[in-house]
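Dear colleague,

I am handing over the structure below, and after it you will find notes on what turned up in it. Please read them with the structure open beside you.

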Amino acid sequence: MATSSERASRESALVHAGTERIAGAPLGSPLVPASVYVSWGEPGGYGRQENPGWEALEQALGAIEGAEAVVFASGQAATMALMLCLAAGRRRIVLPEDGYYNARALAARLRPHGAEPVPADLLDPAAVDRELRAGPAVLWAETPTNPLLRVADLARLGEVAAGAGAPMVVDNTVATALLQRPLELGAVASLYSLTKALSGHSDVLLGAVVTRDGEVAASTHWREHRPFTIDLRGA
């Protein structure tokens, strides 16, 4: 759990991240109503891979955990992007039997692609270990769980996942990074429904993945500019 001094520094990071500390510059990120932007190349087309508003939010979220954040339109979108990223080449997604229902429902949709959702009691590390070692797997942890608020030992689960060679994801929606930092306990990524605790619950509809793994960040966020262009010079 975070100390008061750590919480203060993370709160400061939230205030300052994503803004320019220049005299006369806006203290908060300005609202940008545009949904498409002029892209690279000639004669130019349009692009929508980036946006000043969500880039500022990503910087703020990443600053709390000393990592890179990728923002999505919803927590479910973030969940599926991360599942698709990590389930490739693995046969099992071990999830908490009492975890968020919609995450379990999304995992079930990966069955046709070869990944089987497997429920487990995360409060029983030995049981989790058995499930992870039954085949190439991903550990999808959640603590506290939604809605029962059961609390698992993340440090122990991180050790179990590492021993089984399984990447661990932690749904950190309830505690948030102000109270719990999964990346320091062995997780390859923290997952958030920003719709809930981080935003005050239902003030916005957003999701996020936070990671220190460059491959996971690149896989979940398409940052390469590939502009769609129409050459009008011969028209």
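Leaving aside neighbours within four places in sequence, Val128 is in contact (heavy atoms within 4.5 Å) with Ala120, Asp121, Leu122, Leu139, Leu157 and Val160. This is a predicted model, in which local features need pLDDT of at least 70 and side-chain atom pairs count only at pLDDT 80 or more, while totals for chains, interfaces and linings use all residues. Residues are numbered from 1 along each chain as its sequence is written, and side-chain values use heavy atoms, with hydrogens and water left out.

Val128 is also among the residues with the most contacts inside the largest nonpolar core, which has 28 residues. Such a core is a set of buried Ala, Val, Leu, Ile, Met, Phe, Trp, Tyr and Cys residues joined through side-chain atoms within 4.5 Å, where buried means under 20% relative accessible area, exposed over 50%, and partly exposed in between (1.4 Å probe, protein chains only).

One of the contacts of Val128, Asp121, forms a salt bridge (a side-chain nitrogen of Lys or Arg within 4 Å of a carboxyl oxygen of Asp or Glu) with Arg150, the closest N and O atoms being 3.4 Å apart. These two partners lie 29 residues apart in the chain. Asp121 counts as partly exposed, at 24% relative accessibility, and so does Arg150, at 26%.

A further salt bridge joins Arg133 to Asp129, with the closest N and O atoms 2.9 Å apart. Arg133 is exposed, with a relative accessible area of 52%, whereas Asp129, at 22%, is partly exposed.

Best wishes

Terms used:
Helix = DSSP H or I, 4+ residues; strand = E, 2+ residues; numbered from the N terminus.
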